[in-house]
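Thanks for coming. I will go through one structure today, beginning with a helix pair and ending with the other chain.

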Amino acid sequence: MKNSVENVSRRAVLAGAGSLLGAGCLGAERTPGTSDTDWRMYGRDPGRTRFVPNASLPRDGVDIAWERSVSASGWYPPVVANETVYCQYSNGLFVLDAATGEGTRASTYGPFGRDILPMAFASTELYRDGVLVVPYGTVIGGYAADRGGWPDSVSGIGQERARWWLDGDSTSASRLPPRASAGEWLGSPLVVDGTLVSLHPRSAALSASDSDDGSNRWRFDLETVAADGYVASPVGHVVDTTTGTAVVKLRTRREEAAVVVPLLVGISSENGSLEWRTTTDEVSSGDTKPGVEPADSLTTRDGTVYTIDWNTSTRALRLCELDAATGELGWTKSLDRSEHIGVAVDEARLYHVGLIDREEMPETFRIVALDRDSGSRRWAVTIDDAPLVPRLPYGAPPTVADEHLLVPGKRGLHALDRGTGETLWTFTEMVPTSGGGSVERSGMTPAVVTDDRIVIGTTLALYGLE
Amino acid sequence: MSTPNDSNDGTPTGTEPSQQPADDASVGLIGLIRITIMLLRARPALLVPFALAGAVGATSAVARIESPYPVDMVAFPANGVVHLSVALVPTLEPMAEVNSGLVLGLKPVFLAVLIGWQVGLALAVTVAFAGVVRLAARSISKTDAISSPSAISEVGSDESRGLPGIVPSLVRLGWLFAYVLGVQVVLLAGLFVVGAFGIGPGPGSTGLGLLFGWLFVVVPIASGLFLTPAAIVIGGKRPVEAVIESAVYAVRRPLSVVVLLLTTGYLGTVLTGVFHGGPSPRIGVALGTFTSVAVGGTLHAIVVAAAYICWSADGYSSH
């Protein structure tokens with residue numbers, strides 16, 4: 001704790017003074033301003049709740065508002081800011097008007113946008129257009145975001161539009177630090193009031209950085225929280241804005257042993273000091289599914305954290321509730337699932353999407369709604385579908401908007417009534433195959449809801465639905 | 001000896017360089033270096049203008065780190081021991097590196113602050129450069145230098161020969177300032193164009209292509225401009241005329257000019273690393289910047305002045 005506070009002091013004061021001189025005295029506001037229609041990061045908000053409170057979506061099916069076809073999918077989760085959709089795929093970046101789908105497709109001819117984790121968007125004081133944040137494993141790049149400024153092609157790493165790079169140890173405005181692969185962790189930055197909160201497993205750090213120049217505001221060394229003889233590996237993180245706590249999930253492993261101890265730590269998002277640490281269980285890595293702890297398995301809202309892990313004795317998936325301010329464990333709920341897909345949370349309920357094995361049948365969606373206060377089940381349904389790529393550090397988790405729970409799957413996009421679990425509609429489009437037939441377009445990204453529209457990447461097409 | 005032409009601002013006028021007879025005993029590269037070193041030993045006060053400018057640069061560099069502008073401060077040898085660098089005039093922030101993303105989308109007020117910041121630095125380097133060039137010019141006896149390259153005029157003897165005063169006229173200072181600003185505007189505009197239009201290494205391009213571009217475009221242009229400041233301050237030329245005169249000297253002595261250009265650029269870079277790895281990055285940046293500017297800037301200005309004085313005696317004709 002002392003270490004983190006020391007890290008903060010001098011640099012934070014100097015940086016704060018610099019910002020005050022540079023920006024504060026000039027009366028700059030962060031732009032573009034935030035809006036209810038934004039979806040600026042993976043999970044929509046710093047808690048990764050995937051909840052859109054003021055949306056209005058049709059109950060009887062959706063129409064295609066716009067469509068952009070591609071020759072190769074490989075979608076990354078879209079982000080939306082300033083009424084602009086940013087969506088990277090295998091061969092380029094779409095920068096589109098969210099309402100019309102019109103805009104640029106910047107073809108990529110190098111590492112820009114490849115082997116990345118989900119992007120984020122942050123407002124800036126110096127710049128009108130904000131910054132598009134692209135995580136390349138442990139290294140994160142900040143790019144000029146202006147919708148009209150993207151060229152038809154981006155070569156190399158997009159150096160000509162880059163403003164800064166950071167890797168958890170240092171920040172640079174002109175040179176790309178050595179990159180490392182993404183691995184089994186969710187390294188998608190979170191944006192909290194103009195501050196980027198990001199995980200860097202290579203340096204075992206959680207850092208907070210300024211969106212204007214990437215300068216470090218504070219840095220927390222995650223190695224310091226592991227017990228003696230254990231090595232810590234970050235899995236994912238969220239920020240609870242109610243309590244001002246950044247919650248990091250880690251795997252700690254005894255050196256040269258197969259024992260993994262899941263560990264959750266609470267760190268002040270204000271100054272990077274350690275607030276609490278909690279272990280949920282001790283498991284043998286050989287007993288669990290590939291990936292051990294699901295990477296995208298944290299969410300927080302209104303001072304409560306929800307985490308998903310595996311129960312050692314029953315080998316069942318388990319949801320745990322924690323107090324974001326203290327780390328104190330609350331209720332737990334075991335779920336008989338073969339795989340964790342995603343979680344979303346609204347005012348009253350927690351929605352979990354997983355897979356179940358059925359004898360001689362393919363894995364199938366099993367969706368449950370739990371009461372947030374007690375963990376008791378409100379409803380549960382099974383959908384005869386499954387996700388296309390279930391085991392990435394990120395995937396196609398559910399979205400809660402209006403009265404809907406939106407679940408992407410191989411057959412497209414399913415809309416369920418979030419109050420009852422009843423299926424409202426399924427959006428299915430067909431795509432021709434080279435053999436002359438056709439197959440359903442699979443939902444490959446989260447359903448991003450913006451201004452009463454749904455943006456989703458599917459097999460060979462990006463859709464705007466209304 | 002050749003007397004600098006001050007006709008543009010009413011100060012004493014000497015013989016037009018174009019009317020000078022060519023001198024068989026022209027000063028070469030080694031001679032210029034000797035003159036520069038001996039002049040600096042004879043007149044250590046020549047270090048003062050760029051020492052003051054170095055203090056400004058060091059302060060600016062540290063302020064830049066603390067500002068919200070995304071700028072790097074890179075000390076030698078972070079870019080490699082063999083580093084190709086050219087400087088048309090000494091830079092007050094030799095460690096600063098920026099990317100084109102710096103200027104893309106800047107709000108008007110921050111763009112204005114950035115421009116004002118750069119203009120302030122340009123003004124400081126203009127005053128220091130003009131001061132050293134003027135002081136150096138007063139101390140060099142071209143005739144002696146040509147007949148004996150190791151010879152330096154006796155300090156103070158120039159006044160009796162009717163040379164201009166220590167402080168350059170405001171007109172020349174203004175033209176030099178315009179030239180320095182022009183160079184910075186071109187560089188900033190180039191940065192903006194690169195970012196705005198996505199101009200950069202294309203698919204399949206290599207560092208070899210960039211190296212060739214640097215060698216065959218940047219170096220020749222910079223060589224042509226190398227003596228422009230001296231032509232303005234000593235020769236009293238307007239910037240366009242000074243550029244032409246400088247280009248003529250570069251064509252006549254391409255090897256010497258390229259060597260001087262690269263040496264002064266490399267020296268300025270190397271000196272940024274003398275305090276690298278110190279107790280504090282900010283202190284390292286401040287001291288590295290100060291040393292580079294104070295020493296490198298002074299040597300740059302003296303060598304430019306010496307080259308102009310010596311070579312202009314050989315006669316100048318744009319034809």
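In chain B, α9(B) passes α10(B) in a right-handed crossing. A crossing is right-handed if the near helix is turned clockwise from the far one by less than a right angle, and left-handed if anticlockwise. Before I go on: this is a predicted model, in which local features need pLDDT of at least 70, side-chain atom pairs count only at pLDDT 80 or more, and totals for chains, interfaces and linings use all residues. Residues are numbered from 1 along each chain as its sequence is written, while chains are lettered from A and ligands numbered from 1 in the order in which they are written.

Back to the pair. Helix α9 of chain B covers residues 254-270 and helix α10 of chain B residues 281-312; they pack at an angle of about 165 degrees, with axes 9 Å apart. That makes α9(B) roughly antiparallel to α10(B), a label given to angles over 145 degrees. Helices here are DSSP runs of H or I, at least four residues, and strands are E runs of at least two, numbered from the N terminus. Axes are lines fitted to C-alpha atoms over the stretch in contact, and angles run from 0 to 180 degrees between N-to-C directions.

Which residues of α9(B) meet α10(B)? They are B:L260, B:T264, B:L267 and B:G268, and their partners in α10(B) include B:G296 and B:H300. Contact requires C-beta atoms, placed from the backbone, to lie within 7 Å. Nonpolar covers Ala, Val, Leu, Ile, Met, Phe, Trp, Tyr, Cys and Pro; charged covers Asp, Glu, Lys and Arg; the others, Gly among them, are polar.

The second pair is α2, residues 47-66, with α3, residues 108-139, both of chain B, again at an angle of about 165 degrees with axes 9 Å apart. That makes α2(B) roughly antiparallel to α3(B), but the crossing of α2(B) and α3(B) is left-handed. Among the residues that meet are B:P49 and B:F50 in α2(B) and B:L121 and B:A124 in α3(B). The residues of the contact of α2(B) with α3(B) divide into ten nonpolar, two polar and no charged.

Over residues 109-133 of chain B the chain is 100% helix; over residues 255-277 of chain B, 70%.

Finally, chain A has one helix and 38 strands. Of its 466 residues, 53% count as buried, meaning 20 or more other C-beta atoms, placed from the backbone, within 10 Å of their own.

Conventions
Parallel < 35°, antiparallel > 145°, perpendicular 65-115°, else oblique. Contact = placed C-beta atoms within 7 Å. Buried ≥ 20, exposed ≤ 12 C-beta atoms within 10 Å, placed from the backbone.
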